[in-house]
Amino acid sequence: MYTIWRQLFRPRDAYGAEQSLLLFTFLLGLTPFRLRGDTGSRHFQLSRLGYLNALLQLSFFGYCFLTALIQQESIVGYFFKSPISQVGDSLQKFIGLIGMFTLFLWSGLQVKLLIRLFDLIAHIDNQLLNLGVCFNYTRIMRLRHINLLLISGVQLSYLVSSIAMLIFNDVRPIYTATVAFYVPQIFLLSIVLLFGAILHRVQQHFESINRVLKNLAHQWDTRSLKAVQKQRSLQCLDSFSMYTIVTKDPAEIIQESMEIHHLICEAAATANKYFTYQLLTIISIAFLIIVFDAYYVLETLLGKSKRESKFKTVEFVTFFSCQMILYLIAIISIVEGSNRAIKKSEKTGGIVHSLLNKTKSVEVREKLQQFSMQLMHLKINFTAAGLFNIDRTLYFTISGALTTYLIILLQFTSNSPNNDNGNGYECCEALHNMTNHTL
C-alpha cells in the first residue's frame with residue numbers, strides 16, 4: 001500500500017511525474033498506453049484496453065451527436081432559434097464531430113510518437129543529472145494535479161450551473177444533446193493540458209541549460225574555475241529543480257550542454273509533430289464558437305435581438321459568455337505555453353556569446369563556436385499543421401478575424417431585424433456560403 005501511495009504522490013522520475021495526467025487522458029481514450037515497471041526501468045506499453053476505450057468513447061459520442069441531429073435538439077436551440085443561430089449551431093455540431101474524430105484518430109495513429117516524446121524527456125533529465133541538475137518530480141506532479149483540478153472544477157461548474165439554469169426555466173435537455181454539446185469541451189481541454197505539460201518540461205530543460213551556462217560564466221567572473229569542489233548543498237534553480245556545481249572541465253560541460261540542447265530541440269520538434277493537427281482542430285473549434293458566442297451576446301446587449309425565450313437577458317449572456325471564456329482559456333493556454341518555451345530557448349544564444357567574450361581557452365572557444373552554430377540552425381517553433389505559427393501574433397490574427405466576422409453578422413441582423421422567414425432564409429444561406437468558402 002505504501003509503495004502504491006509513494007508511486008502516486010512521490011514520483012522519482014519523469015515518467016512518474018506525469019502518471020496522474022496520463023491516467024486521466026487514458027480514461028478519456030486519448031493516450032492508449034500504460035506505464036509499466038519500477039523506478040529506473042520504466043517504460044510505456046500500448047494497451048488494447050486503451051484502444052477499446054477510445055473506440056467506445058468515440059462511438060458513444062457519434063451516437064449522441066447523430067441522435068441529437070436527427071431529433072433537431074441542441075443546447076443552443078433551447079435558448080433561442082434564429083436563422084443565424086441555426087447556422088452557428090449546425091457548424092458547431094459539424095466541426096465538433098470532425099474535431100472529435102480528428103483528436104481520436106491522430107492520438108491513435110501517432111501514439112508511438114507521444115511515447116517517444118516522454119522517453120526523450122526522461123533521457124534529457126538523466127543527461128542533466130550529469131551536469132548537476134535534478135528535478136523535484138513531486139512538485140511537478142502537484143502542478144499537474146492543480147491543473148487537473150482547476151480545469152475539472154471549471155468544466156464541472158459550467159456544466160452543473162448551465163443544466164440547473166435550464167431545469168429552473170422548465171427546460172429538460174435530452175442527454176444526447178447534452179453530451180454532444182459538453183463532451184467536446186472536456187476532450188479539447190484535456191489535449192490542452194497534455195500539450196501544456198510537455199511545454200512545461202521543455203521550458204524547464206531550457207532554463208536548466210541556461211542556468212548551467214550562467215554558473216559557468218559566474219565561475220569565470222569570480223576566477224573560481226579551477227578545481228571547484230562539489231558542493232553538498234544544492235542551489236535552487238526554481239521551484240521544480242535544483243543545481244549543484246560539478247567537477248568537470250569547462251569544455252566537457254559545454255559539449256554535454258550542446259548534446260542536451262540538441263535533445264531538447266528534438267523533443268520540441270516531436271511535440272510539434274504530434275500536436276500539430278490537434279492544435280489546429282482545437283483553435284479552429286474555439287475560434288468558431290467564440291465568434292458565434294460573441295455575436296449572440298452583442299446582439300442581445302445591443303438590443304438587436306428579437307428572440308423569444310424563457311431565459312432572462314442575464315442568464316442568456318452569462319451562459320454564452322462562460323462558454324466563450326472556456327475556449328479563450330484554451331487558446332491562451334496554448335499560445336502562452338508555446339511563447340514561454342520559445343523565449344526560454346532564445347536566451348541560450350546570448351549566454352553562449354557572453355561566454356565566448358570571456359573565455360581564453362582555445363578548446364573552450366571552439367566548443368562555444370560550435371554551440372553558436374548549432375543555435376543558429378536549431379530553433380524551436382510550434383505551428384498548427386504549418387498553416388500559422390502558434391505565438392502571440394496569433395492574438396492579433398484572431399482579434400482581426402473575430403472583429404470582421406462580428407461586423408458581418410451584426411450587419412445581417414441590422415439589415416433584416418423584422419424580416420419575414422424568406423428574407424431570414426436568404427441571409428442564412430448567404431452566411432452559410434460565405435463560411436463554407438472561408439473554410
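Helices here are DSSP runs (H or I, at least four residues), numbered from the N terminus. This is a predicted model; local features need pLDDT of at least 70, side-chain atom pairs count only at pLDDT 80 or more, and totals for chains, interfaces and linings use all residues. Residues are numbered from 1 along each chain as its sequence is written, and side-chain values use heavy atoms, leaving out hydrogens and water.

**View A. Q72 in the loop between α4 and α5.** Q72 sits in the loop that links α4 (48-70) to α5 (75-79). Its phi is positive, about 55°, yet Q72 is not a glycine. Most residues other than glycine have a negative phi. Q72 counts as exposed because its relative accessibility is 65% (exposed is over 50%, buried under 20%, partly exposed in between; 1.4 Å probe, protein chains only).

**View B. A385 in the loop between α12 and α13.** The loop runs between α12 (362-377) and α13 (393-415), and A385 lies in it. A385 is not a glycine, but has a positive phi of about 55°. With 27% relative accessibility, A385 counts as partly exposed.

**View C. Helices α3 and α4.** The axes of α3 (residues 19-28) and α4 come within 7 Å and cross at roughly 55°. Axes are lines fitted to C-alpha atoms over the stretch in contact, and angles run from 0 to 180 degrees between N-to-C directions. The two helices are therefore oblique to each other (under 35 degrees is roughly parallel, over 145 roughly antiparallel, 65 to 115 roughly perpendicular, the rest oblique). F26, L27 and L28 of α3 meet G50, N53 and Q57 of α4; contact means heavy atoms within 4.5 Å.
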